[in-house]
Every structure is written in C-alpha cells, then in structure tokens.
Amino acid sequence: MNSRLFSLTKSLSRRRFHHTAVRTNVIMGIETSCDDTGCAIVDSSGNILGECLNSQQQVHINHGGIMPPVAKELHEQHIERVVNEALMSSKLKFKELNAIAATVKPGLPMSLLVGMGYGKKLAREHNKPFIPIHHMEAHALTIRMIEKVKFPFLVLLISGGHCLLNLVQDVDKFLLLGQSLDDAPGEALDKFARRMKLHILQEYSSMSGGRAVEVAATKGDPNAFEFPMSLAHYRDCNFSVAGLKNTARKYILKLEKTHEVEPDQIVPKMEDLCASFQLSIARHICHRVQRAMEYVSLRELLPPDEEKTLVVSGGVACNKFIRGCVEQVCLEMGYRLLAPPPHLCTDNGAMIAWNGMERWKAGKGVIDPSSPEFDEVDIQGRCILGEDMREDVAEANIKCKWVKLKI
Ligand code: KG4
Ligand code: ZN
C-alpha cells in the first residue's frame, strides 16, 4: 500500500476511545535533536493529550556546554521512560495512535539517532506509519497548534542552534530568506553568559545562558556599552552575531583587567553589559526582520488584503525584551506578532507531534513501515529549510529606513 493510501485508510477509520471523546487522529511525536528528550501525543485539534520532557540543561550548564556524547547517553537513558510516561498520561495505548513522528534533522547527529531509532522501532513493532520531522519546520508550525494562522506567513526562528527567516507557504513549502552565518543568537548568549560567569551566582545557576542574560539585563542600562551594527553593509536577511560576541568579550577582558577581577568574581557593570549585548542582538534581529518584510512586500509574497503575520519561535523567542523590540517593528510594518508560549518555544515533543499531525492531515511524508522507503529514512545533521531565496533577497538590494526602537 502506498503511503498516501495508507494515511487515508487510517484516517477514515474513526475510533472511539475509552474516555468520551471521539477522535479521528492521534499522533505521537519524539524529539531528541539536541539536549531535550521529549515525547507528546496530540490530536487533530491541537490538544496535547499527554507529554513528558527530560531536560539535560543542568548537566550541560555544569559541563560548561553541550557535549554530544553526554547528550546521546542521556537520551538513551531516558527515551523509554519519557515515551511511556507521555503515553500513560494520555491514557492511550500504542494501538490507538495513528502514526509516530520523530525529529530526523537537523541537530546533533548522535542525539538525532536516538530519537529516530526509537521512533522507527516503535513504528515497526506496532505497525504504525512513521513521519520524519525537520526540527525547524516543527518550530515554525507550532503556532498553528494553538492559534488560527493561515498560510502564508513569515516566521523568525531564533534558538540555540539556529537563526532563520522563512516565508511559510504550506506545511512542506518554505522559502528561506535569511539564516545565521555564524553563531545562532542562543549560542552567542550562552557563550557570553558563560564568559561572564553568571552560573556562579545562585540566582542564575539553573537558568539557560539566554534566560540568565535576560534577567540580569532587566537591572542594567542597555545604552551603557556601545556595540557595532552587524552586517550593516549587507542588504540581505542573513544573521551574524559573532562580531557582537567578540565586542562583548573585549569589554569583559578590559573590565577584568582594569578592576583586577579574580577567577571566582564577576565583572563590575555586569548588568549593564548584559543589557547592552542583548540590545545589540535584538537590534540586529529587528533589522533583518524589517528587510524580510520589505522583500516580501516587494515580491508580493503575502496576500494584500489579509492580515500579515510574523511568527517568532525557538528558545530565544522566550526573551521578552527581544520580542518587545520585534513587536515594535511589526507595529510599524503592519504585521501582527504571534509567539507560542515559552514551553512550546523551547524544544519539546508536542511540536514534533503537531508537525506529524500537519503532515498526516496533508498526506505528506507519511511512511508505511513495510515500505522500502522506511528503511531508507535516516538522520541529517545539517539541513536547509525550504527553497533558498537568499540570492534573490540580496539582489533586491533593499535599503531600509530602520524603525527606531523605543527602549
Ligand atoms: O529552541 P531551543 O530549546 O533549542 C534549540 O533548538 O537550540 O533553544 C535553546 C536556546 C538556548 O541557547 C537558550 O539560552 C535560549 O534558547 N533561551 C533564551 C531564553 N530562554 C532560552 N534566550 C534568551 N532569552 C530567554 N529567556
Ligand atoms: Zn529547537
């Protein structure tokens, strides 16, 4: 049976569950692309019926960063429990699931292998269709689980591993307008927080680097330290924060030297530096977003009579300051800004299950476990999201009059 037919026959068989509701579709999603072992079961209306997440964050904070073999081992230790707890909390049985989705790209190869391997094993054992998921596609579509957002819409994905600007035209149809040329914003914030030794302060010891910088920045002056404009001479939508990170490093070195800071001490003006570094990243993101909006308008890629939407997601989208700045650009440019709640912005199983559901409904990328395709499904550490439009964006050579951010 081909995969399209397989999905149709399955979705036509309505099932009555032991609790009152009648549901047609229920999908399990498994996430292990980085340092979170997540599993969730969602229905076709976007209800999360059961979920479980094992975060490795504290282990990696203690190690000073993510070590791929450690991440892999922790995924292996927890995957079975996480999946069983998610299923138990949904009060469903494997036989009641319509399909199993798992992240297969992009991410840490060793981590991806654990979730994909486990997902395929379950699909085989329980004779369920398997849906391979692109992690960033899942971040982009999460919003449709909780809000009515029609295609096409613009999406900004800012996380620890990625920074992307895409136009989402359909479940599996994305245009790539810009992406990170070096560190992703979350990665830069994590490294900066580490270099600032924020983790040695009790208040920040269990926070991700990005969250620690956000909290410290609320007590600082964002204009205290000057940062350059990144990629100011490139009229495209790509991102680069390595230069900003380097500027921050120079400030830290200077403060350490001037004030003879001991290894177990924090530099003075720490909050000011956090606030200024965060502002430099926010401003850079805002510029790239504004140019993407101008490009979309120039190429008439969004319907003129409908409300324009920018979705922001990924771990860094939890940052209220950065979101606030992006919101100002949205207001000026006539967009509404939508973001999933923080627990759905960071990595989780529900976003994978929902992406599986979107693909299940559309009959796209659903693989029968007895088909030859099933054995060929493999992980991919790196993978671009959608059709690459970056050259066209650069060729459009759009000069922007920047929205002035009110800080
Ligand atoms: O999406 P995510 O959970 O994992 C990746 O796919 O990368 O994002 C994790 C990243 C980390 O770099 C973390 O420091 C950052 O998101 N992050 C934040 C905040 N919360 C998490 N960055 C800035 N502000 C926050 N509140
Ligand atoms: Zn992510």
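What covers the buried residues of α11? Keep that in mind as you set up the view. This is a predicted model, in which local features need pLDDT of at least 70 and side-chain atom pairs count only at pLDDT 80 or more, while totals for chains, interfaces and linings use all residues. Residues are numbered from 1 along each chain as its sequence is written, and side-chain values use heavy atoms, with hydrogens and water left out.

**Stop 1: helix α11**

Select residues 320-333, which form helix α11. Helices here are DSSP runs of H or I with at least four residues, strands are runs of E with at least two, and both are numbered from the N terminus. The 14 residues of α11 reach 20 Å from first C-alpha to last, close to the 20 Å expected at 1.5 Å a residue; that expected span is 1.5 Å times one less than the number of residues.

Now colour Ile322, Cys325, Val326, Gln328, Val329 and Cys330, the buried residues of α11. Buried means under 20% relative accessible area, exposed over 50%, and partly exposed in between, with a 1.4 Å probe and protein chains only. To settle the opening question, show β8 (153-158), α10 (270-298), β11 (308-313) and β12 (335-338), which are among the elements covering these residues. Covering rests on contact, meaning heavy atoms within 4.5 Å.

Look at the two ends as well. Asn319 caps the N-terminal end of α11, with a side-chain oxygen 3.0 Å from the backbone nitrogen of Phe321. After the helix comes Gly334, whose phi is positive, near 75°.

**Stop 2: Gln290**

Move to Gln290 in helix α10. Is Gln290 buried or exposed? Gln290 is buried, at a relative accessible area of 2%. Beyond its neighbours within four places in sequence, Gln290 is in contact with Val329, Met333, Cys400, Lys401, Trp402 and Val403.

**Stop 3: between the domains**

Colour by domain: 8-146 + 344-376 for domain 1, and 153-339 + 388-396 for domain 2. These bounds come from an automatic or database domain assignment. The domain centres, taken over C-alpha atoms, are 28 Å apart. About 1800 Å² is buried between domain 1 and domain 2, and carbon and sulfur atoms give 69% of it. Met136, Ile143 and Cys345 supply 31% of the area that domain 1 buries against domain 2, more than any other three residues. Buried area is the accessible area (1.4 Å probe) that two parts lose on being put together, summed over both.

The count of salt bridges between domain 1 and domain 2 is two. A salt bridge is a side-chain nitrogen of Lys or Arg within 4 Å of a carboxyl oxygen of Asp or Glu. Centre on Lys364, which forms a salt bridge with Asp170 at 3.5 Å and with Asp172 at 3.3 Å. Asp172 sits in the loop between β9 (163-170) and β10 (173-179), and Lys364 in the loop between α13 and α14 (372-376), 192 residues apart. Lys364 is partly exposed at 26%, and so is Asp172 at 36%.

**Stop 4: more charged pairs**

In helix α4 (residues 109-125), Glu125 and Lys121 are separated by about one helical turn because they lie four residues apart. Their side chains meet in a salt bridge, 3.2 Å from N to O. Glu125 counts as exposed at 52%, whereas Lys121 is partly exposed at 33%.

Finish by selecting Asp183, Glu187, Lys191 and Lys245, which are linked in a network of salt bridges.

Technical notes: Chains lettered and ligands numbered in written order. Polar contact = N/O pair within 3.5 Å; in protein donor to acceptor, adjacent residues only side chain to side chain.
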